[in-house]
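Dear colleague,

Please read them with the model open beside you.

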Amino acid sequence: MLTYKNSGVDKEEGYKSVDLIKQTALSTYSKKVLNELGSFGAMYKLGRYKNPVLVSGTDGVGTKLKLAFHLKKYDTVGIDCVAMCVNDILCHGAKPLFFLDYLACGKLDAGVSSEIVKGVAEGCHSSKMALVGGETAEMPGFYSEGEYDIAGFAVGVVERKKVINGEKIKPGNVIIGLPSSGVHSNGFSLVRKLITDLDEEYNGQKISEYLLTPTRIYVAPVSKVLKKYKVKGMAHITGGGLIENVPRIIPDGLSAVIFKDKIKVPEIFNYLQSKGVPEDEMWGTFNMGIGFIMVVKAKDKDKIIKKLSKYGENAYEIGHIEEGDSKICLK
C-alpha cells in the first residue's frame, strides 16, 4: 500500500517540527503581529506612518551550508539567513518589521529544523523583527538526506521622505566602514575549493567551525545613527565585495575612492589568499573585513563614528567621494 510516508514524506515529523518551532517564533512577536502561526497568511499592523514605503529583501546562505552539514551544527546558519536579508533593507533606511523563512530538505528531522529556526529567531531578536511564518518542505529524492537549503524574506518600512538610495551623495562625503566578522556568507564556493580539509586547525579550532561564524547584523547601531544624522548612502558588502556593492549607490559622475591600506583585513583573508588566489580576485569576491559602509557628510564623520562606537561598532573612515566616472576606485 502506497502512502505519503512510505513515499518519503513524514507528516508526523512535520507536526513535531511545527510544535518545536512555535514557541521560538512566538518569542519574537510584538503587539503588531495580529495572528499566530498556523494561519494561511501572517497579519502585521503597520502602525503610524504618514507616507510609508515598504522595503523587502530575500536571500539565502549559499554553500556555506556545506560546512554546517559537515559539523552537524545547525544553530548559526539561521542568523546568516536573517543577516543577509535584513542588512540589505537597512541600506534604504528601513526599520525591519517581519521575517519569513523557507526550509527545504530531503528528509525532515524536527530536531535539526528547530535548531535552524532558533538561529533565525536569534537574528530576528537582534533586528527587533518578528518571525511571522515560514515553510518547511520535505522533498525526498530532491535533496540528499542530511542536507537542506534555507532562504529568508524580510520586510521593513521607512517614511518616503527618509528613503536612502544614494542620490544625495556629493563630492567630499566620507565613507565609513563597519567591520565584518570574517567571510560572512559569500564566496564559499571558492572557499571550499581552497580549504580541502574542513577539519584542519585554524586559530585553535577546526577551520570549518571558524568559518561558520555568522554574518553580522548591523541594524541596532545603524538605526541609532539614522535617528540623529542624515546618512547619504549605505551598502551591504556581500558577494563581489566592495568592488561590486559600493557602486550600486554611487550616482553617475562620481567615484567612491577607497584606500585598501586603511582597511583592517582579518587574517583569514590573508590565509585564503595564500592558497593561490590573486589579490584582485580576493577584493572582487570577499568583503575583506568590511561588512557594511555608510556615506556621510565630512562634518558628521567623527560624531557618527563615536555614536557607532557607543553601540559596540569599531567603525572607521576608509575613503571618500570625488568626481569621476569609475563609480569606485580601490587604491
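**Cavity, pocket and helix contacts**

The structure holds 1 cavity of 30 Å³ or more. Please keep in mind throughout that this is a predicted model. The largest cavity contains about 40 Å³ of space, and the residues lining this cavity are Ser181, Gly182, Val183, His184, Tyr210, Leu211 and Thr213. Sorted by class, the lining of the largest cavity is made up of 3 nonpolar and 4 polar residues, with no charged residues.

The open space is described next. In the largest pocket there is about 950 Å³ of space, and of the 31 residues that line this pocket, Gly93, Val158, Lys162, Leu226 and Lys227 are the closest to its centre. The lining of the largest pocket divides into 13 nonpolar, 6 polar and 12 charged residues. At least two residues of that lining are supplied by each of strand E2 (95-105), H4, strand E4 (148-159), helix H7 (219-228) and strand E8 (231-236). Of the lining of the largest pocket, H7 gives the largest share, with 6 residues.

Helix H7 also takes part in a helix contact, namely with H11. The axes of H7 and H11 come within 9 Å and cross at roughly 140 degrees, and the two helices are therefore oblique to each other. The crossing in which H7 passes H11 is right-handed. On the H7 side the residues that meet H11 are Pro221, Val222, Lys224 and Val225, while on the H11 side they are Ile304, Lys307 and Leu308. By class, this contact of H7 with H11 has 5 nonpolar and 2 charged residues and no polar ones.

One residue of that contact may deserve a separate look. Lys307 lies in helix H11, which covers residues 301-310, and when its neighbours within four places in sequence are left aside, Lys307 is in contact with Lys224 and Val225. Although Lys307 and Asp325 are 18 residues apart along the chain, their C-alpha atoms are separated by 32 Å.

Helix H4, which was named above for its part in the pocket lining, has a packing partner as well. The axes of helix H3 (residues 77-90) and helix H4 (residues 110-127) come within 6 Å and cross at roughly 40 degrees, and H3 and H4 are therefore oblique to each other. H3 passes H4 in a crossing that is right-handed. H3 contributes Gly78, Ile79, Val82 and Val86 to the contact, and H4 contributes Ile116, Gly119, Val120, Glu122, Gly123, Cys124 and Ser127. The residues of the contact of H3 with H4 fall into 6 nonpolar, 4 polar and 1 charged.

With kind regards

Conventions: Residues are numbered from 1 along each chain as its sequence is written. This is a predicted model: local features need pLDDT of at least 70, side-chain atom pairs count only at pLDDT 80 or more; totals for chains, interfaces and linings use all residues. Side-chain values use heavy atoms; hydrogens and water are left out. Axes are lines fitted to C-alpha atoms, for helices over the stretch in contact, and angles run from 0 to 180 degrees between N-to-C directions. Helices (H or I, at least four residues) and strands (E, at least two) are DSSP runs, numbered from the N terminus. Angles under 35 degrees count as roughly parallel, over 145 as roughly antiparallel, 65 to 115 as roughly perpendicular and the rest as oblique. A crossing is left-handed if the near helix is turned anticlockwise from the far one by less than a right angle, and right-handed if clockwise. Contact means heavy atoms within 4.5 Å. Ala, Val, Leu, Ile, Met, Phe, Trp, Tyr, Cys and Pro count as nonpolar, Asp, Glu, Lys and Arg as charged, and the others, Gly among them, as polar. On a 1 Å grid over the protein atoms alone, a cavity is a set of points where a 1.4 Å probe fits but cannot get out, and a pocket is an open set with protein on both sides within 12 Å along at least five of seven lines; lining residues have an atom within 4 Å of a point. Grid points are joined across faces, edges and corners, and a volume is the space filled by probe spheres set on the points.
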